[in-house]
Amino acid sequence: MKIIIEKYRALTEREQMLVALSGVVILIAILYWGIFAPLNAGLEREQTRLANQQKLLEWVSERANRAQQLRAAAGTPNRFTGSLPQVVNSTTGRFNIAISRMQPQGEELQVWVDQAPFNDVLGWLQEMEKLGIVILNADIAEADEPGQVKIRRLQLGKA
């Protein structure tokens, strides 16, 4: 550090001014491109993500309201009297859904699926409700591939 100060003092006044000004410019550039620009880019990215999540929430809310209206308009649900595992196996075959695990619990059935297309799962669940099978609990998560979901736990029962 001593050597740098000695070399700085050995410069002419004009050169010292130039070195100081260059140092300030470099410091400002480091602050801008090292701190401000990445923070600003991250903020913009998160604002876009928030807007997309809000659109998704609005869409899901509309669909939930529509589902409630359809349930209310449907009247009394079908009464299911058959075997839950049999119906689940036959309906998942029609919708190309591969069940990874199924566990009966009295009059209820728990189902796990590693990965399936979202639209197929939705169609399958609608078919199950039409048959009079009630979804008691559902834990569905996004899978690694776009448009795919995994059912961590789906608990079905008889209506």
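R101 is found in strand β1. R101 counts as partly exposed because its relative accessibility is 44%; buried means under 20% relative accessible area, exposed over 50%, and partly exposed in between, with a 1.4 Å probe and protein chains only. R101 and A20 are 81 residues apart in sequence and 70 Å apart in space, C-alpha to C-alpha. The model is a predicted one, in which local features need pLDDT of at least 70 and side-chain atom pairs count only at pLDDT 80 or more, while totals for chains, interfaces and linings use all residues. Residues are numbered from 1 along each chain as its sequence is written, and side-chain values use heavy atoms, with hydrogens and water left out.

**Overall fold**

- The protein chain has four helices and four strands. Helices (H or I, at least four residues) and strands (E, at least two) are DSSP runs, numbered from the N terminus.
- In sequence order, the pattern of the protein chain is α-α-α-β-β-α-β-β.
- The protein chain is more spread out than a compact globule, because its radius of gyration is 31 Å, well over the 15 Å that the globule rule gives for 159 residues. The radius is taken over C-alpha atoms, and the globule rule is 2.2 Å times the number of residues to the power 0.38.
- The C-alpha trace of the protein chain spans about 100 × 35 × 25 Å along its principal axes.
- Of the 159 residues in the protein chain, 20% are buried.

**Annotated span**

- UniProt, in an unreviewed entry, places the feature "transmembrane region" at residues 17-39. UniProt positions are given in the numbering used here, feature names are shortened, and annotations may be inferred rather than shown by experiment.
- Residues 17-39 are 100% helix and 0% strand. The end C-alpha atoms of this span lie 32 Å apart.

**Strand pairing**

- Strand β1 (residues 101-105) and strand β2 (residues 108-117) run antiparallel and are joined by five bridges. Two strands pair if DSSP finds at least two bridges between them.
- M102 has V111 in β2 as its bridge partner.
- β1 and β2 form a hairpin, with two residues between them. G106 in the turn has a positive phi of about 65°.
- β2 also pairs with β4, in the antiparallel sense, over seven bridges.
- A116 has V149 in β4 as its bridge partner.

**Salt bridges**

- The whole structure holds five salt bridges. A salt bridge is a side-chain nitrogen of Lys or Arg within 4 Å of a carboxyl oxygen of Asp or Glu.
- One of them joins K158 and E107, at 3.4 Å from N to O. This pair links distant parts of the chain: K158 is in strand β4 (residues 148-158), E107 is in the loop between β1 and β2, and the two are 51 residues apart.
- K158 counts as partly exposed, because its relative accessibility is 32%. E107 is exposed, because its relative accessible area is 54%.
- Another joins R49 and E46, with the closest N and O atoms 3.4 Å apart. R49 and E46 are three residues apart in helix α2, so about one helical turn separates them.
- E46 counts as partly exposed at 41% relative accessibility.
- E62 and R63 also form a salt bridge, with the closest N and O atoms 3.9 Å apart. E62 is partly exposed, with a relative accessible area of 42%. R63 counts as partly exposed at 44% relative accessibility.

**Nonpolar surface patch**

- L56, W59, V60, F118 and L122 make a nonpolar surface patch of about 430 Å². Patches are made of residues with over 30% relative accessible area and no salt bridge; like charges are joined within 9 Å, and nonpolar side chains (Val, Leu, Ile, Met, Phe, Trp, Tyr) within 5 Å. Accessible areas come from the Shrake-Rupley method with a 1.4 Å probe, and for residues only the protein chains shown count as cover.
- The elements that give two or more residues to the nonpolar patch are α2 (13-74) and α4 (118-130).
- With three residues, α2 gives the most to the nonpolar patch.
- F118 lies in helix α4. F118 counts as partly exposed, because its relative accessibility is 36%.
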